[in-house]
Each structure stands twice: as C-alpha cells, then as structure tokens.
Amino acid sequence: MQIDILSRRLIDRYQHGMPLCAEPYREMADALECSEGEILDCLERLEQSGSLSRIGPVFEHSRAGASTLVALAVPDARLEQVAEQINSLPEVNHNYLREHRYNLWFVLTGPNRARINAVLAQIEADTGLTPLDLPMQAAYRIDLGFPIGDAP
C-alpha cells in the first residue's frame, strides 16, 4: 500500500503519543487540519492494509510487573504448531521467527517473576522444548517509532 500524505503526517506526529483527552481523534484532526472522520478513515485504511498493528499505550514493564525475552529452538516441522501454542498464552507478545538455531523469539509479560517462571515451565511442559530465558538487565534505548516524512 502506498501511504498517502495524511497517513504520513498522522504517523509522524502521533506514533509516540496520542492526545490524552476526551476526544483524541478530534484533537488530532484539528492539529492536522482535517476532519475527525478523515482521521478515523485513515486509521481504518492503515489497519486494513496491515500497516497499523495497534493503537494504544506502551507501558514500562518493570513498573507494571515483570517480563523477559524468550527464545526457543523449534524444529521446522513443528514451527507453526509451537507458534500457535505460544501465541495462545495471554502473557506472550512480540512473537517472531528468526534465522538461527533459536528460531522463535517472543516476550513474556506478567505481574511478577513468579508468574513468568510458571509460564516458562508451562511452555517447556507443553512443547517439550527448553526456553532460553533472557531477562533484561538495562534498557539503553527504546523508540518504537521512526519518521516517515514526505518520502514518496
């Protein structure tokens, strides 16, 4: 999908934060000099094209509970089945296939480390695969966005 000018402006301005008010889409429309309907239509087009994955907050996990990066070495023949098992867990997000012996990488998030440990044990019991548990030691830079500007 070619991203139109309104989509580019919307992404550049709001991918790092939305207005915290009763009518955020109206405030976004006012700032971008268009209608609220145009903003909502734009977001719907981005979602339908697969360009938009979500609208919502990103919480600092260490203040809200616990998390860890996990990797599994999944045999190719079992990859889809294991990925579905992992994706069914409410604690899982950011699940990716990677080119490596450890080919399935995902993040577990829970209310505390004890819950993370329980989910890791459940994954091992359910899949027969030993999770590689890589808890974060320090965050050096987290920026989930990037400028797209007026490029064609």
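**Reading the model, feature by feature**

Tutor: From the N terminus on, the elements of the protein chain follow the order α-α-α-α-β-α-β-β-α-β. Please keep in mind that this is a predicted model.

Student: How many helices and strands does the protein chain have?

Tutor: The protein chain has 6 helices and 4 strands. Of its 152 residues, 30% count as buried. Among the contacts in the protein chain with a separation of 6 or more, 59% are accounted for by residues 24 or more positions apart.

Student: Let us begin with the helices. How is the packing of two helices described?

Tutor: Two packed helices are described by the angle between their axes and by the distance between those axes. Here, helix α1 (residues 5-14) and helix α3 (residues 36-48) pack at an angle of about 90° with their axes 10 Å apart. The two helices, α1 and α3, are therefore roughly perpendicular to each other.

Student: Which residues make the contact between α1 and α3?

Tutor: On the side of α1, the contact is made by L6, S7, L10 and I11; on the side of α3, by E38, I39, C42, L43 and L46. Sorted by class, this contact of α1 with α3 has 7 nonpolar, 1 polar and 1 charged residues.

Student: At what angle do the axes of α1 and helix α2 cross?

Tutor: The axes of α1 and helix α2 (residues 24-32) cross at roughly 115° and come within 11 Å. That angle makes α1 roughly perpendicular to α2. The crossing in which α1 passes α2 is right-handed. From α1, the residues L6, R9, L10, R13 and Y14 make the contact, and from α2, the residues E27, M28, A31 and L32. By class, the contact of α1 with α2 has 6 nonpolar, no polar and 3 charged residues. Please note that L6 and L10 of α1 are listed in the contact with α3 and also in the contact with α2.

Student: I now turn to the strands. How do the strands of a sheet pair?

Tutor: Strands of a sheet pair through backbone hydrogen bonds, and the pairing is either parallel or antiparallel. In this model, an open sheet of 4 strands has the order β2-β3-β1-β4, with antiparallel pairing. Its edge strands are β2 (92-97) and β4 (132-134), each of which pairs on one side only. From one strand to the next, the twist averages 20°.

Student: What packs on this sheet?

Tutor: Helix α5 (residues 79-87) packs on the sheet and touches β1, β2 and β3. The direction of α5 makes about 165° with that of β2.

Student: Over how many bridges do strand β1 and strand β3 pair?

Tutor: Strand β1 (residues 66-72) and strand β3 (residues 104-110) pair in the antiparallel sense over 7 bridges. For S67, the bridge partner in β3 is T109, and for T68, the bridge partner in β3 is L108. Strand β1 also pairs with β4, in the antiparallel sense, over 3 bridges. There, V70 has D133 of β4 as its bridge partner.

Student: Why is β1 described as largely enclosed by the rest of the structure?

Tutor: The description applies because 6 of the 7 residues of β1 are buried.

Student: May we look at a single residue of the sheet? Is V92 buried or exposed?

Tutor: V92, which lies in strand β2, has a relative accessible area of 14% and is therefore buried, the cut-off for buried being under 20%. Not counting residues up to four places away in sequence, V92 touches I86, N87, F106, V107 and L108. V92 and S67 are 25 residues apart in sequence, and their C-alpha atoms are 9.6 Å apart in space.

Terms used
Residues numbered from 1 in each chain as written. Predicted model: local features only at pLDDT ≥ 70, side-chain atom pairs only at ≥ 80, totals over all residues. Heavy atoms only, no water. Axes fitted to C-alpha atoms, helices over the stretch in contact; angles between N-to-C directions. Parallel < 35°, antiparallel > 145°, perpendicular 65-115°, else oblique. Contact = heavy atoms within 4.5 Å. Nonpolar A, V, L, I, M, F, W, Y, C, P; charged D, E, K, R; others polar. Left-handed = near helix turned anticlockwise from the far one by under 90°. Pairing = 2+ DSSP bridges. Buried < 20%, exposed > 50% of the residue type's maximum accessible area, 1.4 Å probe, protein only.
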